[in-house]
Amino acid sequence: MILTYAGTSGEQTVRTIRPIRLLCKAGAWYVKAYCVNRQDFRIFELSRILSLVVSDETFPPMRFPEESDAGKAELSEIALRFSADAAYRVYDEFDASQVTVQEDNTLTVRAWLPEDLWLTGYLLSFGTQVEVIEPAYLKDTLAKQAYQIYQKNSGKT
């Protein structure tokens with residue numbers, strides 16, 4: 001397969017890949033593949049594939065290498081409270097064993113999540129439907145990020 005891919009920083013590259021398997025994670029679809037251009041295994045988010053050409057190339061079956069602990073972001077236990085209106089997303093994106101429905105129909109989620117920029121963006125995507133219970137520093141991080149967004153978009157710097 002030959003694809004045009006939009007990277008995380010917005011650059012577009014043309015890649016030749018050998019797909020291995022599809023993966024759904026946090027509501028998004030990815031393809032695990034061997035990238036001929038990079039001579040390494042990569043994961044491509046399907047929504048970032050701008051164009052795709054299926055080639056006639058054949059290749060022997062491959063296994064995607066198991067992730068080592070060295071390449072993983074550090075995980076922390078995060079406790080979140082979601083409004084009842086967010087239930088559809090909560091059940092789409094978290095395992096039911098991580099969700100507790102409260103008497104007021106809010107949902108409490110306890111999950112091990114990566115402590116990185118993805119987490120802040122992910123939580124902000126819930127808008128006012130999420131509240132961080134713990135850790136306390138994450139509440140501050142999220143509030144600061146939301147305030148910076150407010151300042152940038154309100155013209156108040």
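Q: Where does Asp 56 lie?
A: Asp 56 lies in the loop between β5 (49-53) and β6. Strands are DSSP runs of E with at least two residues, helices are runs of H or I with at least four residues, and both are numbered from the N terminus. This is a predicted model, in which local features need pLDDT of at least 70 and side-chain atom pairs count only at pLDDT 80 or more, while totals for chains, interfaces and linings use all residues. Residues are numbered from 1 along each chain as its sequence is written, and side-chain values use heavy atoms, with hydrogens and water left out.

Q: Is Asp 56 buried or exposed?
A: Asp 56 counts as exposed, at 78% relative accessibility. Buried means under 20% relative accessible area, exposed means over 50%, and partly exposed is in between, with a 1.4 Å probe and protein chains only.

Q: What separates the C-alpha atoms of Asp 56 and Phe 94?
A: They are separated by 39 Å, and the two residues are 38 residues apart along the chain.

Q: How many helices and strands are there in the protein chain?
A: The protein chain has three helices and nine strands. Their order from the N terminus is β-β-β-β-β-β-α-β-β-α-β-α.

Q: Is the chain spread out or compact?
A: The protein chain is more spread out than a compact globule, because its radius of gyration is 19 Å, well over the 15 Å that the globule rule gives for 157 residues. The radius is taken over C-alpha atoms, and the rule is 2.2 Å times the number of residues to the power 0.38. Along the principal axes, the C-alpha atoms fill a box of roughly 55 × 45 × 30 Å.

Q: What share of the residues is buried?
A: Buried residues make up 29% of the 157 residues in the protein chain.

Q: Which residues touch the most other members of the largest nonpolar core?
A: They are Leu 80, Phe 82, Val 90, Phe 94, Val 109 and Leu 123, in a core of 19 residues. A nonpolar core is a set of buried Ala, Val, Leu, Ile, Met, Phe, Trp, Tyr and Cys residues joined through side-chain atoms within 4.5 Å.

Q: And which elements give two or more residues to this core?
A: They are β6 (75-82), β8 (107-114), α2 (117-124), β9 (130-134) and α3 (136-154). The element that gives the most is β8, with four residues.

Q: Which residues does Val 90 touch?
A: Not counting residues up to four places away in sequence, Val 90 touches Phe 82, Val 99, Leu 107 and Val 109. Contact means heavy atoms within 4.5 Å.

Q: What about a second core?
A: A second, separate core has seven residues, including Leu 3, Val 31, Cys 35 and Phe 44.

Q: Where is Trp 118 found?
A: Trp 118 is found in helix α2, and it is partly exposed, with a relative accessible area of 40%.

Q: What about Leu 75?
A: Leu 75 is in strand β6. Not counting residues up to four places away in sequence, Leu 75 touches Trp 112, Leu 113 and Pro 114. Its relative accessible area of 46% makes Leu 75 partly exposed.

Q: Now the backbone: which residues does a cis peptide bond join?
A: A cis peptide bond joins Glu 134 and Pro 135, with omega about 5°. Pro 135 is found in the loop between β9 and α3.

Q: What is phi of Gln 39?
A: Phi of Gln 39 is near 55°, a positive value in a residue other than glycine. Gln 39 lies in the loop between β3 (28-35) and β4 (40-45), and Gln 39 counts as exposed at 54% relative accessibility.

Q: And Asn 105?
A: Asn 105 has a positive phi of about 70° although it is not a glycine. Asn 105 has its place in the loop between β7 (99-101) and β8.
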